[in-house]
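Welcome! Try each task yourself before you read its solution.

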Amino acid sequence: MRRLAILGSTGSVGTSTLEVVAAHPDSFQIAALAARDNLDLLEVQVRRHAPRLVSVGSETGARELRRRLGRTPTEVAWGTPGLLQAAGDAGADLVVSAIVGAAGLLPTMRAVAAGKDVALANKESLVVAGDLVTAEARARGVRILPVDSEHSAIFQCLAESGAGQVRRIILTASGGPFRTRPRATFASITPEEALKHPNWSMGKKVTIDSATLMNKGLEVIEAHWLFGVPVDQVDVIIHPQSIIHSLVEYVDGSLLAQLGVPDMRVPIQYALTYPERRPNAVPRLALETLTGLTFEAVDREKFPCLDLAYEAALAGGSAPAVLNAANEVAVERFLNRRIGFDEIPTLIRKALDAHPRRAVGTVEEILEVDREVRRRLEDY
Ligand code: MG
(Lines give C-alpha, C1' and ligand atoms only; values in the text may rest on other atoms or scores of the structure.)
Protein backbone atom coordinates (compact mmCIF):
# COMPACT_ATOMS: atom_id res chain seq x y z
CA MET A 1 0.00 0.00 0.00
CA ARG A 2 1.51 3.33 -1.06
CA ARG A 3 0.36 6.45 0.75
CA LEU A 4 0.03 9.48 -1.50
CA ALA A 5 -0.17 13.22 -1.05
CA ILE A 6 -1.64 14.94 -4.11
CA LEU A 7 -0.78 18.62 -4.46
CA GLY A 8 -3.15 20.16 -6.99
CA SER A 9 -5.78 17.45 -6.58
CA THR A 10 -8.60 19.31 -8.38
CA GLY A 11 -6.56 20.06 -11.52
CA SER A 12 -6.23 17.95 -14.65
CA VAL A 13 -3.33 15.78 -13.41
CA GLY A 14 -4.77 15.66 -9.87
CA THR A 15 -8.15 14.31 -11.00
CA SER A 16 -6.50 11.82 -13.38
CA THR A 17 -4.29 10.66 -10.50
CA LEU A 18 -7.37 10.02 -8.36
CA GLU A 19 -8.85 8.00 -11.25
CA VAL A 20 -5.72 5.83 -11.24
CA VAL A 21 -6.02 5.48 -7.45
CA ALA A 22 -9.70 4.53 -7.72
CA ALA A 23 -8.84 1.86 -10.30
CA HIS A 24 -6.31 0.27 -7.89
CA PRO A 25 -7.94 0.57 -4.48
CA ASP A 26 -5.70 -2.08 -2.90
CA SER A 27 -2.50 -0.32 -3.94
CA PHE A 28 -2.97 3.28 -2.81
CA GLN A 29 -4.21 5.27 0.10
CA ILE A 30 -4.59 9.07 0.15
CA ALA A 31 -2.73 10.75 3.00
CA ALA A 32 -3.24 14.36 1.91
CA LEU A 33 -4.94 16.47 -0.73
CA ALA A 34 -4.23 20.10 -1.56
CA ALA A 35 -5.99 22.47 -3.96
CA ARG A 36 -6.53 26.20 -4.28
CA ASP A 37 -10.22 27.06 -4.40
CA ASN A 38 -12.37 24.37 -6.03
CA LEU A 39 -14.12 23.49 -2.76
CA ASP A 40 -16.99 21.60 -4.42
CA LEU A 41 -14.67 19.05 -5.98
CA LEU A 42 -12.31 18.98 -3.02
CA GLU A 43 -15.20 18.16 -0.69
CA VAL A 44 -16.17 15.21 -2.91
CA GLN A 45 -12.54 14.03 -3.00
CA VAL A 46 -12.16 14.25 0.79
CA ARG A 47 -15.39 12.32 1.40
CA ARG A 48 -14.34 9.65 -1.05
CA HIS A 49 -10.68 9.21 -0.05
CA ALA A 50 -10.69 10.25 3.62
CA PRO A 51 -7.20 11.82 3.75
CA ARG A 52 -5.60 12.67 7.07
CA LEU A 53 -5.07 16.26 5.88
CA VAL A 54 -6.55 18.59 3.27
CA SER A 55 -5.18 22.04 2.44
CA VAL A 56 -6.80 24.92 0.52
CA GLY A 57 -5.53 28.29 -0.69
CA SER A 58 -7.16 30.68 1.78
CA GLU A 59 -8.32 30.88 5.37
CA THR A 60 -11.87 31.65 4.21
CA GLY A 61 -11.79 28.57 2.01
CA ALA A 62 -10.53 26.46 4.90
CA ARG A 63 -13.35 27.64 7.19
CA GLU A 64 -15.96 26.93 4.52
CA LEU A 65 -14.53 23.46 3.80
CA ARG A 66 -14.38 22.66 7.54
CA ARG A 67 -18.05 23.63 7.87
CA ARG A 68 -19.03 21.50 4.87
CA LEU A 69 -17.08 18.46 6.08
CA GLY A 70 -18.87 18.50 9.42
CA ARG A 71 -17.71 15.61 11.57
CA THR A 72 -15.36 14.15 8.93
CA PRO A 73 -12.08 13.69 10.85
CA THR A 74 -9.83 15.14 8.11
CA GLU A 75 -7.68 18.03 9.33
CA VAL A 76 -8.18 21.20 7.25
CA ALA A 77 -5.18 23.50 6.69
CA TRP A 78 -4.60 26.45 4.36
CA GLY A 79 -2.07 28.63 2.54
CA THR A 80 1.63 27.89 2.12
CA PRO A 81 1.96 26.31 5.59
CA GLY A 82 -0.92 23.94 4.77
CA LEU A 83 0.62 23.06 1.43
CA LEU A 84 4.01 22.36 3.02
CA GLN A 85 2.34 20.26 5.70
CA ALA A 86 0.58 18.21 3.01
CA ALA A 87 3.90 17.77 1.17
CA GLY A 88 6.07 16.87 4.13
CA ASP A 89 4.14 15.97 7.25
CA ALA A 90 0.99 14.06 6.37
CA GLY A 91 2.50 10.59 6.35
CA ALA A 92 2.75 10.16 2.57
CA ASP A 93 5.39 7.91 0.97
CA LEU A 94 5.01 9.53 -2.44
CA VAL A 95 4.04 13.13 -3.20
CA VAL A 96 2.32 13.90 -6.49
CA SER A 97 3.42 17.45 -7.30
CA ALA A 98 0.80 18.74 -9.71
CA ILE A 99 0.44 22.42 -8.86
CA VAL A 100 0.82 24.73 -11.86
CA GLY A 101 3.73 27.14 -12.10
CA ALA A 102 6.57 28.31 -9.87
CA ALA A 103 4.09 28.07 -6.97
CA GLY A 104 4.93 24.35 -6.99
CA LEU A 105 8.59 24.91 -6.09
CA LEU A 106 8.33 25.26 -2.29
CA PRO A 107 6.08 22.24 -1.72
CA THR A 108 8.15 20.11 -4.13
CA MET A 109 11.33 21.05 -2.25
CA ARG A 110 9.58 20.36 1.05
CA ALA A 111 8.60 16.87 -0.11
CA VAL A 112 12.13 16.08 -1.26
CA ALA A 113 13.68 17.50 1.93
CA ALA A 114 11.30 15.34 3.96
CA GLY A 115 12.64 12.28 2.13
CA LYS A 116 9.52 11.62 0.05
CA ASP A 117 9.66 10.27 -3.47
CA VAL A 118 8.04 12.76 -5.83
CA ALA A 119 5.88 12.06 -8.88
CA LEU A 120 6.55 15.31 -10.68
CA ALA A 121 4.01 16.99 -12.94
CA ASN A 122 5.06 20.49 -11.86
CA LYS A 123 7.75 20.97 -14.52
CA GLU A 124 8.22 24.63 -13.53
CA SER A 125 9.95 23.66 -10.28
CA LEU A 126 12.72 21.98 -12.31
CA VAL A 127 12.78 24.84 -14.81
CA VAL A 128 13.45 27.49 -12.16
CA ALA A 129 15.43 25.42 -9.64
CA GLY A 130 16.48 22.18 -11.32
CA ASP A 131 19.96 22.10 -9.78
CA LEU A 132 18.66 22.69 -6.24
CA VAL A 133 15.80 20.19 -6.49
CA THR A 134 17.90 17.42 -8.05
CA ALA A 135 20.83 18.01 -5.66
CA GLU A 136 18.48 17.77 -2.67
CA ALA A 137 16.94 14.60 -4.12
CA ARG A 138 20.39 13.02 -4.48
CA ALA A 139 21.34 14.08 -0.95
CA ARG A 140 18.15 12.57 0.51
CA GLY A 141 18.20 9.49 -1.71
CA VAL A 142 14.70 10.15 -3.04
CA ARG A 143 13.41 9.53 -6.54
CA ILE A 144 11.88 12.14 -8.80
CA LEU A 145 9.56 10.19 -11.08
CA PRO A 146 8.37 11.99 -14.20
CA VAL A 147 4.63 12.38 -14.81
CA ASP A 148 4.99 14.51 -17.94
CA SER A 149 4.24 12.10 -20.80
CA GLU A 150 7.42 12.93 -22.74
CA HIS A 151 9.63 12.47 -19.72
CA SER A 152 7.89 9.28 -18.70
CA ALA A 153 8.65 8.02 -22.22
CA ILE A 154 12.32 8.94 -21.92
CA PHE A 155 12.51 7.46 -18.42
CA GLN A 156 11.18 4.19 -19.83
CA CYS A 157 13.52 4.26 -22.86
CA LEU A 158 16.59 4.98 -20.72
CA ALA A 159 15.97 1.98 -18.50
CA GLU A 160 19.34 0.83 -17.20
CA SER A 161 21.54 2.55 -19.77
CA GLY A 162 23.79 5.25 -18.38
CA ALA A 163 23.45 8.82 -19.64
CA GLY A 164 26.97 8.43 -21.11
CA GLN A 165 25.60 6.16 -23.86
CA VAL A 166 22.92 8.64 -24.89
CA ARG A 167 23.64 10.75 -27.95
CA ARG A 168 20.49 12.85 -27.60
CA ILE A 169 17.01 12.98 -26.23
CA ILE A 170 14.28 13.77 -28.74
CA LEU A 171 11.12 15.30 -27.31
CA THR A 172 8.09 15.02 -29.52
CA ALA A 173 5.64 17.93 -29.78
CA SER A 174 2.20 17.81 -31.35
CA GLY A 175 2.74 21.33 -32.66
CA GLY A 176 -0.43 22.48 -30.93
CA PRO A 177 -3.52 23.98 -32.58
CA PHE A 178 -1.56 26.50 -34.72
CA ARG A 179 0.99 24.27 -36.39
CA THR A 180 -0.42 24.97 -39.84
CA ARG A 181 -1.91 28.42 -39.19
CA PRO A 182 -0.08 31.28 -40.96
CA ARG A 183 2.01 33.38 -38.61
CA ALA A 184 0.54 36.60 -40.06
CA THR A 185 -2.77 35.75 -38.37
CA PHE A 186 -1.31 35.05 -34.91
CA ALA A 187 -2.30 38.47 -33.53
CA SER A 188 -5.97 37.58 -33.92
CA ILE A 189 -5.81 34.22 -32.11
CA THR A 190 -8.38 34.10 -29.29
CA PRO A 191 -8.00 32.28 -25.95
CA GLU A 192 -10.83 29.95 -27.02
CA GLU A 193 -8.89 28.90 -30.14
CA ALA A 194 -5.66 28.46 -28.18
CA LEU A 195 -7.40 26.32 -25.55
CA LYS A 196 -8.43 23.73 -28.16
CA HIS A 197 -5.54 21.29 -28.10
CA PRO A 198 -5.75 18.73 -30.93
CA ASN A 199 -4.70 15.63 -28.91
CA TRP A 200 -4.38 16.21 -25.16
CA SER A 201 -6.89 17.33 -22.56
CA MET A 202 -4.98 19.44 -20.02
CA GLY A 203 -5.22 22.48 -17.76
CA LYS A 204 -5.35 26.00 -19.23
CA LYS A 205 -1.76 27.05 -18.54
CA VAL A 206 -0.13 24.02 -20.14
CA THR A 207 -2.58 24.16 -23.07
CA ILE A 208 -1.57 27.75 -23.88
CA ASP A 209 2.09 26.78 -23.40
CA SER A 210 1.50 23.97 -25.90
CA ALA A 211 0.06 26.44 -28.41
CA THR A 212 3.14 28.73 -28.15
CA LEU A 213 5.53 25.73 -27.87
CA MET A 214 6.85 27.22 -24.61
CA ASN A 215 5.66 23.95 -23.07
CA LYS A 216 8.27 22.13 -25.15
CA GLY A 217 10.90 24.69 -24.13
CA LEU A 218 10.11 24.11 -20.46
CA GLU A 219 10.23 20.35 -21.13
CA VAL A 220 13.73 20.66 -22.65
CA ILE A 221 14.91 22.19 -19.36
CA GLU A 222 12.97 19.60 -17.37
CA ALA A 223 14.62 16.76 -19.35
CA HIS A 224 18.07 18.28 -18.87
CA TRP A 225 17.68 18.17 -15.06
CA LEU A 226 15.78 14.90 -14.80
CA PHE A 227 18.19 12.89 -16.93
CA GLY A 228 21.47 14.79 -16.59
CA VAL A 229 21.78 15.32 -20.35
CA PRO A 230 23.22 18.67 -21.57
CA VAL A 231 20.62 21.12 -22.92
CA ASP A 232 22.16 21.05 -26.41
CA GLN A 233 21.62 17.28 -26.52
CA VAL A 234 17.88 17.66 -26.03
CA ASP A 235 16.10 18.14 -29.35
CA VAL A 236 12.49 18.74 -30.30
CA ILE A 237 10.60 17.33 -33.27
CA ILE A 238 7.01 17.89 -34.33
CA HIS A 239 4.94 14.71 -34.36
CA PRO A 240 1.30 15.77 -34.89
CA GLN A 241 -0.30 12.41 -33.93
CA SER A 242 1.08 12.39 -30.34
CA ILE A 243 1.49 8.59 -30.45
CA ILE A 244 5.27 8.49 -29.96
CA HIS A 245 5.70 10.26 -26.63
CA SER A 246 9.46 10.82 -27.03
CA LEU A 247 12.66 9.05 -28.07
CA VAL A 248 16.21 8.41 -26.94
CA GLU A 249 18.98 8.17 -29.51
CA TYR A 250 22.00 6.14 -28.37
CA VAL A 251 25.63 6.53 -29.44
CA ASP A 252 25.32 3.47 -31.71
CA GLY A 253 22.49 5.06 -33.70
CA SER A 254 19.70 3.04 -32.09
CA LEU A 255 16.52 4.99 -31.40
CA LEU A 256 14.22 3.83 -28.61
CA ALA A 257 10.70 5.23 -28.48
CA GLN A 258 7.67 4.80 -26.23
CA LEU A 259 4.26 4.70 -27.91
CA GLY A 260 0.72 4.79 -26.63
CA VAL A 261 -2.60 6.58 -26.75
CA PRO A 262 -2.35 10.17 -25.51
CA ASP A 263 -3.85 9.61 -22.05
CA MET A 264 -2.23 11.02 -18.92
CA ARG A 265 -3.38 8.09 -16.81
CA VAL A 266 -0.62 5.97 -18.37
CA PRO A 267 2.40 8.10 -17.32
CA ILE A 268 0.72 8.93 -13.99
CA GLN A 269 0.17 5.25 -13.23
CA TYR A 270 3.74 4.37 -14.14
CA ALA A 271 5.05 7.03 -11.76
CA LEU A 272 2.80 5.67 -8.98
CA THR A 273 3.59 1.97 -9.48
CA TYR A 274 7.25 2.24 -10.58
CA PRO A 275 9.19 -0.01 -10.94
CA GLU A 276 6.16 -2.24 -11.55
CA ARG A 277 3.58 -2.07 -14.31
CA ARG A 278 -0.08 -2.82 -13.68
CA PRO A 279 -2.98 -3.61 -16.00
CA ASN A 280 -5.52 -0.82 -16.48
CA ALA A 281 -8.64 0.12 -18.44
CA VAL A 282 -7.02 2.84 -20.57
CA PRO A 283 -7.89 2.32 -24.28
CA ARG A 284 -5.21 0.33 -26.12
CA LEU A 285 -3.31 1.67 -29.09
CA ALA A 286 -4.64 -0.21 -32.13
CA LEU A 287 -1.68 -0.10 -34.51
CA GLU A 288 -3.76 -1.25 -37.48
CA THR A 289 -5.95 1.86 -37.19
CA LEU A 290 -3.00 4.27 -37.41
CA THR A 291 -2.83 5.92 -40.81
CA GLY A 292 0.69 7.21 -40.33
CA LEU A 293 3.22 8.62 -37.95
CA THR A 294 4.72 11.80 -39.33
CA PHE A 295 7.49 14.14 -38.23
CA GLU A 296 8.61 17.62 -39.17
CA ALA A 297 11.07 20.24 -37.93
CA VAL A 298 9.80 23.00 -35.65
CA ASP A 299 9.17 26.33 -37.39
CA ARG A 300 11.31 28.36 -34.99
CA GLU A 301 10.41 31.74 -36.53
CA LYS A 302 6.75 31.04 -36.01
CA PHE A 303 7.21 29.72 -32.46
CA PRO A 304 10.00 31.86 -30.93
CA CYS A 305 9.19 30.69 -27.38
CA LEU A 306 11.15 27.48 -27.96
CA ASP A 307 14.42 29.32 -28.66
CA LEU A 308 13.80 31.70 -25.75
CA ALA A 309 13.72 28.63 -23.51
CA TYR A 310 16.97 27.24 -24.98
CA GLU A 311 18.58 30.66 -24.56
CA ALA A 312 17.56 30.88 -20.88
CA ALA A 313 18.59 27.28 -20.22
CA LEU A 314 22.06 27.81 -21.72
CA ALA A 315 22.49 31.09 -19.81
CA GLY A 316 21.56 29.34 -16.56
CA GLY A 317 21.55 31.11 -13.19
CA SER A 318 18.46 33.29 -12.80
CA ALA A 319 17.57 33.21 -16.52
CA PRO A 320 15.20 30.20 -16.46
CA ALA A 321 13.34 31.73 -13.49
CA VAL A 322 12.97 34.99 -15.44
CA LEU A 323 11.75 33.07 -18.48
CA ASN A 324 9.24 31.14 -16.42
CA ALA A 325 7.85 34.10 -14.46
CA ALA A 326 7.45 36.20 -17.60
CA ASN A 327 5.73 33.31 -19.34
CA GLU A 328 3.29 32.80 -16.46
CA VAL A 329 2.44 36.52 -16.54
CA ALA A 330 2.11 36.54 -20.33
CA VAL A 331 -0.17 33.48 -20.41
CA GLU A 332 -2.43 34.96 -17.75
CA ARG A 333 -2.64 38.26 -19.65
CA PHE A 334 -3.43 36.49 -22.88
CA LEU A 335 -6.19 34.48 -21.20
CA ASN A 336 -7.58 37.76 -19.79
CA ARG A 337 -7.44 39.29 -23.30
CA ARG A 338 -4.96 41.97 -22.23
CA ILE A 339 -2.31 40.97 -24.80
CA GLY A 340 -2.36 39.17 -28.13
CA PHE A 341 -1.07 35.65 -28.69
CA ASP A 342 1.85 37.06 -30.69
CA GLU A 343 2.84 39.29 -27.76
CA ILE A 344 3.56 36.35 -25.42
CA PRO A 345 7.14 35.87 -26.73
CA THR A 346 7.60 39.67 -26.95
CA LEU A 347 6.90 40.04 -23.25
CA ILE A 348 9.25 37.18 -22.34
CA ARG A 349 12.02 38.65 -24.54
CA LYS A 350 11.58 41.98 -22.76
CA ALA A 351 11.83 40.37 -19.34
CA LEU A 352 14.99 38.41 -20.27
CA ASP A 353 16.62 41.63 -21.51
CA ALA A 354 15.53 43.61 -18.44
CA HIS A 355 16.90 41.06 -15.94
CA PRO A 356 20.53 40.24 -16.71
CA ARG A 357 21.51 36.74 -15.64
CA ARG A 358 22.79 36.46 -12.11
CA ALA A 359 23.85 33.53 -9.93
CA VAL A 360 21.16 32.01 -7.71
CA GLY A 361 22.04 29.59 -4.94
CA THR A 362 18.90 29.17 -2.86
CA VAL A 363 15.17 28.69 -3.33
CA GLU A 364 14.62 32.06 -1.64
CA GLU A 365 16.86 33.80 -4.21
CA ILE A 366 14.93 32.14 -7.02
CA LEU A 367 11.59 33.19 -5.57
CA GLU A 368 12.96 36.74 -5.26
CA VAL A 369 13.79 36.71 -9.00
CA ASP A 370 10.26 35.46 -9.66
CA ARG A 371 8.73 38.32 -7.64
CA GLU A 372 11.01 40.94 -9.27
CA VAL A 373 10.00 39.88 -12.78
CA ARG A 374 6.30 39.98 -11.91
CA ARG A 375 6.68 43.43 -10.28
CA ARG A 376 8.54 44.90 -13.22
CA LEU A 377 6.14 43.48 -15.78
CA GLU A 378 3.28 45.37 -14.09
CA ASP A 379 4.56 48.51 -15.84
CA TYR A 380 4.59 46.93 -19.26
MG1 MG B 1 4.34 17.06 -21.76
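Angles under 35 degrees count as roughly parallel, over 145 as roughly antiparallel, 65 to 115 as roughly perpendicular, and the rest as oblique. Keep in mind that this is a predicted model.

**Exercise 1: Two helix pairs**

Task: Find out how helix 2 and helix 3 are oriented to each other, then do likewise for helix 6 and helix 10.

Solution: 
- Step 1. Locate helix 2 at residues 39-49 and helix 3 at residues 59-69. They pack at an angle of about 45°, and their axes are 11 Å apart.
- Step 2. Compare that angle with the classes above: helix 2 and helix 3 are therefore oblique to each other.
- Step 3. Look at the handedness: the crossing of helix 2 and helix 3 is right-handed.
- Step 4. Now take helix 6 (residues 123-140) and helix 10 (residues 214-227), which pack at about 20° with axes 8 Å apart. The class for helix 6 and helix 10 is therefore roughly parallel.
- Step 5. Helix 6 passes helix 10 in a left-handed crossing.

**Exercise 2: A salt bridge inside a helix**

Task: Describe the pair E43 and R47, and say whether each residue is buried or partly exposed.

Solution: 
- Step 1. Side chains of opposite charge can pair when their charged atoms come close.
- Step 2. E43 and R47 form a salt bridge, with 3.3 Å between the closest N and O atoms.
- Step 3. Both E43 and R47 sit in helix 2, four residues apart, or about one turn of the helix.
- Step 4. An α-helix has 3.6 residues a turn, so residues three or four places apart point the same way.
- Step 5. Buried means under 20% relative accessible area. E43 has 17%, so E43 is buried, while R47 has 47% and is partly exposed.
- Step 6. Widen the view: D40, E43, R47, E64, R67 and R68 are linked in a network of salt bridges. The structure holds 33 salt bridges.

**Exercise 3: Two more pairs**

Task: Work out where R358 and E372 lie, and look up the N to O distance for D263 and R265.

Solution: 
- Step 1. R358 and E372 meet through their side chains in a salt bridge of 3.0 Å, N to O.
- Step 2. R358 is in the loop between helix 14 (343-354) and helix 15 (363-377), and E372 is in helix 15, so the pair ties together parts that are 14 residues apart in sequence.
- Step 3. R358 counts as partly exposed, at 35% relative accessibility.
- Step 4. In the salt bridge of D263 with R265, the closest N and O atoms are 2.7 Å apart.
- Step 5. D263 is buried at 16%, whereas R265 is partly exposed at 25%.

**Exercise 4: Covered or on the surface?**

Task: How many residues of helix 11 are buried, and which residues form a nonpolar patch on the surface?

Solution: 
- Step 1. Helix 11 covers residues 265-273, and seven of its nine residues are buried. Among them are P267, Y270 and L272.
- Step 2. I348 belongs to helix 14 and is buried, with 0% relative accessible area.
- Step 3. On the surface, L259, L287, L293 and F295 form the nonpolar patch, with about 350 Å² of accessible area together.
- Step 4. L259, located in strand 11 (residues 255-259), is partly exposed at 37%.

Methods. Residues are numbered from 1 along each chain as its sequence is written. This is a predicted model: local features need pLDDT of at least 70, side-chain atom pairs count only at pLDDT 80 or more; totals for chains, interfaces and linings use all residues. Side-chain values use heavy atoms; hydrogens and water are left out. Patches are made of residues with over 30% relative accessible area and no salt bridge: like charges are joined within 9 Å, nonpolar side chains (Val, Leu, Ile, Met, Phe, Trp, Tyr) within 5 Å. Accessible areas come from the Shrake-Rupley method with a 1.4 Å probe; for residues, only the protein chains shown count as cover. A salt bridge is a side-chain nitrogen of Lys or Arg within 4 Å of a carboxyl oxygen of Asp or Glu. Buried means under 20% relative accessible area, exposed over 50%, partly exposed in between (1.4 Å probe, protein chains only). Axes are lines fitted to C-alpha atoms, for helices over the stretch in contact, and angles run from 0 to 180 degrees between N-to-C directions. A crossing is left-handed if the near helix is turned anticlockwise from the far one by less than a right angle, and right-handed if clockwise.
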